[in-house]
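Hi,

Here is the model I promised to pass along.

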Amino acid sequence: MTGDGKADIVAASDDITVVLKGAGNATYSGFERWVTGGADNTAVDLNADGRRDLVSAGGLRSGEISVAFAGVAAGSFRAPRNFVSLGEFAVGSIVKSGDLNADGRQDVVIAVAGSPVAHLNKGGGRFGPPLLGSGFSEIQSMTLADVNNDDRLDVVAGAYQPGDTDNLFVMLGRGNGRFDPPSTLNNGSGAAVLGVAVGDVDADGNPDIVSNTFTSLSVLRGNGDGTFRAPQLSGAGAGDQRSTLLGDLNGDGRLDAVSAVLSGTNDNAKTTLYVNNGNGNGDGTFTFSSSRTADTNVHAAAIGDLTGDGQLDVAIVGVKGTHSGRTGLYMFANAGGVLAAPKYQPAGWNDLVLADFNGDGFLDAASVCPALGGGCLRVNLNRAGASFGPPIDLPTAHDPVSVTAADFTGDGLPDIVELLAARTPSTFALFVNASG
Ligand SMILES: [Ca+2]
Ligand SMILES: [Ca+2]
Ligand SMILES: [Ca+2]
Ligand SMILES: [Ca+2]
């Protein structure tokens with residue numbers, strides 16, 4: 001069917017035809033092409049194992065079909081593989097990915113109460129034992145970036161330290177999965193740092209730290225050696241901010257900041273995304289330019305070109321009210337620094353990562369929810385830039401609290417790592433992308 005000499009599968013029901021590309025070894029990977037009629041979901045035996053598999057086509061645009069092989073895999077990911085870590089993962093724990101030891105393999109860093117824990121990627125879809133870092137306090141946010149220009153990833157974490165104005169931690173990476181003891185910084189607010197990002201906002205070649213608190217957006221301009229100048233507060237946004245994002249939204253070549261600000265409580269919660277322009281005058285401060293409000297609270301945010309027009313867009317996940325209301329994913333398309341009204345899809349709500357999981361050139365979303373019907377890990381495929389499609393549930397264990405995506409196996413396809421809370425021993429899981 002696909003002309004490679006390997007047997008493929010064609011399956012059809014009343015309204016759908018799916019062609020599965022054969023690997024020549026009795027396994028099948030992803031869909032090669034399809035024709036759809038009108039159904040949202042159908043069940044056919046795609047892999048001739050006697051069990052009907054789920055095919056969903058949530059509309060009639062291309063790129064919307066997902067395939068779940070009953071008993072074999074779900075979506076286009078292999079069954080998860082669990083790894084034992086250290087510490088006690090809970091809601092608020094964070095997992096991030098990056099290459100810590102410059103071997104070309106994506107490693108993971110987990111922020112638990114009191115310390116970062118790294119796991120080096122050993123190849124073949126395996127991670128090494130936990131490497132425990134020195135302690136820091138209760139962490140609200142974390143990112144991996146090289147802040148001292150030595151090409152080694154460092155940890156920058158936002159903390160909540162009651163009675164202590166030092167609310168940021170920088171831990172310089174040693175290039176082997178270990179980090180130096182933390183140096184503490186004051187972001188100028190004296191409040192809990194709920195979001196943190198690293199970028200060169202004053203365009204002097206040195207990475208700077210941008211962070212937000214309940215009431216402010218702060219810039220710490222970097223000296224390039226892991227030290228920073230005095231904090232500057234600027235831009236708009238007062239409230240319970242949960243995320244800081246950096247990117248050039250208006251295309252003037254200067255980094256802008258987006259902060260997500262929560263107002264109201266429970267069923268009256270709303271989130272406003274404030275777009276703050278980088279002013280480019282060399283002092284690293286921001287100027288408010290526009291905002292857009294969504295009818296939800298916010299637990300995580302991400303930035304990327306979601307519509308395929310070359311401009312950076314924004315997505316958030318949140319939950320309305322008491323977790324029994326609508327929970328999920330909001331896509332805000334950006335045009336020249338102005339965000340459009342969000343488009344909603346059901347999804348997870350506790351963390352969010354963007355990656356092109358099905359290789360169609362459009363960024364998809366992965367999100368998690370703890371303890372909601374046993375927990376969820378959900379992928380929402382991007383409908384060719386028009387919106388996110390309906391959620392695809394991957395078979396997760398209970399209580400996923402954080403998620404990251406990277407090519408952990410080195411095959412060019414983004415895989416997923418999720419952090420599971422309230423388990424002994426502490427555990428994270430790798431979902432290998434099988435859509436190639
Ligand atoms: Ca590595
Ligand atoms: Ca570094
Ligand atoms: Ca700088
Ligand atoms: Ca995609």
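A quick definition before anything else: two strands pair if DSSP finds at least two bridges between them, and the strands themselves (E, at least two residues), like helices (H or I, at least four), are DSSP runs numbered from the N terminus. This is a predicted model, where local features need pLDDT of at least 70, side-chain atom pairs count only at pLDDT 80 or more, and totals for chains, interfaces and linings use all residues. Residues are numbered from 1 along each chain as its sequence is written, with chains lettered from A and ligands numbered from 1 in the order in which they are written.

The protein chain has 38 strands and zero helices. Of its 436 residues, 51% are buried (20 or more other C-beta atoms within 10 Å of a residue's own, with C-beta atoms placed from the backbone).

I'd zoom in on β37, residues 415-420, where six of six residues are buried. Asp415, Val417 and Leu419 cover one face, while Ile416, Glu418 and Leu420 are on the other. In a regular strand, side chains alternate between the two faces of the sheet.

On one side, β37 runs antiparallel to β36 (residues 400-406) through six bridges, with Ser402 opposite Leu419. Five bridges join β37 to β38 (residues 427-431), also antiparallel, and there Ile416 has Phe431 as its bridge partner. Six residues lie between β37 and β38 in this hairpin, and Ala422 takes a positive phi near 60 degrees.

Cheers

Technical notes: Buried ≥ 20, exposed ≤ 12 C-beta atoms within 10 Å, placed from the backbone.
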